[in-house]
Amino acid sequence: MQRQERENMIKFLSSVRVISMEKLMVLTDEDVEHLYSRAYSTHEAYEEII
């Protein structure tokens, strides 16, 4: 994963989930990707409803 991708994922996660950036920074790339994909799919589904 590229640094910019990770940074964008962390910014998204910190804006839609109640997780501090400090906690997200210490997670592995795989953990960040997993949280991001779950949060994004939930966010996407919510946007379709509205």
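The legends below describe close-up views of a predicted model.

**View 1. Helix α3 along its length.** Helix α3 comprises the 21 residues 29-49.

**View 2. The buried face of helix α3.** V32, L35 and A39 are the buried residues shown in α3. Viewed down the helix axis, the buried residues of α3 lie within an arc of 75 degrees, so they line one face of the helix. An α-helix has 3.6 residues a turn, so residues three or four places apart point the same way. The cover over the buried residues of α3 includes α1 (3-16) and α2 (21-25).

**View 3. The opposite face of helix α3.** On the face of α3 turned away from the buried side, E30 and E48 are exposed.

**View 4. A nonpolar patch on the surface.** M21, M25 and V26 together make a nonpolar surface patch of about 310 Å². V26 is located in the loop between α2 and α3. The relative accessible area of V26 is 68%, and the residue is therefore classed as exposed, the cut-off being over 50%.

**View 5. K23 in helix α2.** K23 belongs to helix α2. Its relative accessibility is 58%; because exposed means over 50%, K23 counts as exposed. K23 and I49 are 26 residues apart along the chain, and their C-alpha atoms are separated by 30 Å.

Methods: Residues numbered from 1 in each chain as written. Predicted model: local features only at pLDDT ≥ 70, side-chain atom pairs only at ≥ 80, totals over all residues. Heavy atoms only, no water. Helix = DSSP H or I, 4+ residues; strand = E, 2+ residues; numbered from the N terminus. Expected span 1.5 Å × (residues − 1). Buried < 20%, exposed > 50% of the residue type's maximum accessible area, 1.4 Å probe, protein only. Arc of directions from axis to C-beta. Contact = heavy atoms within 4.5 Å. Patch = residues over 30% accessible without salt bridge, like charges linked within 9 Å, V, L, I, M, F, W, Y side chains within 5 Å. Areas by Shrake-Rupley, 256 points an atom, 1.4 Å probe, with all protein chains shown as cover. Salt bridge = Lys/Arg side-chain N within 4 Å of Asp/Glu carboxyl O.
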